[in-house]
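Let's take a friendly tour of a protein model. Keep the picture at hand as you read.

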Amino acid sequence: MKNRLDLQKILDSFKNIKIGVVGDLMLDDYIIGVVDRISPEAPVPVVNVKEERFVLGGAANVVNNLSVLEAQTICFGVIGTDTNGDRLLKTFDEKGIDSSGIIRTKEIPTIVKRRILAGNQQLLRIDWEKAETISKELEELLLENFKSKIDSLDAVILSDYDKGVLTPKVAKEIVKICKAKNKIVTVDPKPKNAMNYIGATSMTPNRKEAMECLGKNNVTDFEALGKELKEKLQLDNLLLTRSEEGMSLFLNEIINIPTFAKEVYDVTGAGDTVISVFTLASAAGVDWHEAAKIANTAAGIVVGKMGTSTVTKDEILEFYNQIYERWECNNV
């Protein structure tokens with residue numbers, strides 16, 4: 001990718017790509033206000049609420065990232081038959097997201113994470129969830145739904161928040177199906193479940209998650225860490241995110257990509273943005289190195305936003321040209 005026009009063409013092609021997302025669907029509820037006194041009832045701040053907003057979270061944030069980039073997206077997961085489940089599906093419908101792969105059940109509630117903020121600081125988080133694996137019946141139904149749609153997909157993202165949807169059976173079977181169908185399958189893993197994803201195309205852990213995947217602590221040699229994890233999980237490639245140190249892409253060689261951020265304001269959901277853009281760009285025909293650069297650009301934008309956020313194609317295009325044209329000129 002050498003100029004603005006090439007990236008524009010890639011971004012324009014996103015609308016022709018269909019991505020399946022499987023994982024733990026959530027809603028993020030933000031209560032935003034100001035604090036100017038302490039409660040007389042207890043030594044806690046009193047938040048005068050100015051705004052409340054619901055946004056898609058967890059695997060649903062991956063779906064939202066893809067939707068904002070105009071990709072065709074179908075979501076697979078399990079939610080409750082409750083008001084929050086209604087709200088999640090209504091949001092999907094408003095965004096034109098295919099929710100036909102979602103199962104509703106009375107067995108579990110729809111996961112909601114409520115954050116109370118004041119002065120750009122999070123004061124408290126309240127979670128509604130029942131973090132246990134889905135039943136065997138729901139596993140079978142989820143897999144049947146997935147099998148019926150796989151032929152129409154260009155790539156699959158497994159978004160694992162360890163809330164019970166990506167059971168060992170579901171995860172392993174989906175990787176197996178994708179490999180048999182020659183489909184890209186990328187994983188944003190929960191470290192304790194890493195071995196469920198042997199044979200996936202790619203994985204996008206941060207350094208801490210990579211260490212935990214291998215049961216290690218305080219590893220300073222990130223190159224050895226990435227190589228070991230890629231080999232152990234038999235991945236085609238591994239994208240290791242390293243916070244302020246950037247990203248490292250492990251192919252047959254290791255490619256280090258420096259970090260660029262407009263301003264680090266909130267890292268919530270940044271991993272969802274990375275795997276969304278990384279997978280989508282690759283499905284659009286970009287090589288993995290260029291896909292990682294575009295994902296890195298998107299991450300640099302989203303961490304400058306408050307809360308669970310997304311990036312637009314225009315933002316990616318503008319910021320990419322700012323940072324990479326300068327960077328590549330400096331490395332000629």
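Predicted model: local features only at pLDDT ≥ 70, side-chain atom pairs only at ≥ 80, totals over all residues.

| Pair | Angle between axes | Axis distance |
|---|---|---|
| Helix 2 (residues 59-68) and helix 8 (residues 270-283) | about 50° | 9 Å |
| Helix 4 (residues 136-149) and helix 5 (residues 168-180) | roughly 15° | within 10 Å |

Start with helix 2 and helix 8, whose axes lie 9 Å apart at an angle of about 50°. That angle makes helix 2 oblique to helix 8. The crossing of these two helices is right-handed. On the helix 2 side, look for Asn61, Val62, Asn65 and Leu66; they meet Asp272, Thr273, Ile275, Ser276 and Leu280 of helix 8. Sorted by type, the residues of this contact are four nonpolar, four polar and one charged.

Now turn to helix 4 and helix 5, which cross at roughly 15°. Angles under 35 degrees count as roughly parallel, and therefore helix 4 and helix 5 are described that way. Helix 4, too, passes its partner, helix 5, in a right-handed crossing. Helix 4 brings Glu139, Glu140, Leu142, Leu143, Phe146 and Lys147 to the contact, while helix 5 brings Lys169, Val170, Glu173, Ile174, Ile177 and Cys178. Here the residues divide into seven nonpolar, no polar and five charged.

**A space inside**

How many cavities of 30 Å³ or more does the structure hold? There is one. The largest cavity has about 90 Å³ of space. Its lining includes Asp24, Leu25, Val78, Lys130 and Glu132. In the whole lining, seven residues are nonpolar, none are polar and four are charged.

Conventions: Residues numbered from 1 in each chain as written. Heavy atoms only, no water. 1 Å grid on protein atoms, 1.4 Å probe; cavity = no way out; pocket = protein on both sides within 12 Å on 5 of 7 lines; lining within 4 Å. Points joined across faces, edges and corners; volume = space filled by probe spheres on them. Nonpolar A, V, L, I, M, F, W, Y, C, P; charged D, E, K, R; others polar. Axes fitted to C-alpha atoms, helices over the stretch in contact; angles between N-to-C directions. Helix = DSSP H or I, 4+ residues; strand = E, 2+ residues; numbered from the N terminus. Parallel < 35°, antiparallel > 145°, perpendicular 65-115°, else oblique. Left-handed = near helix turned anticlockwise from the far one by under 90°. Contact = heavy atoms within 4.5 Å.
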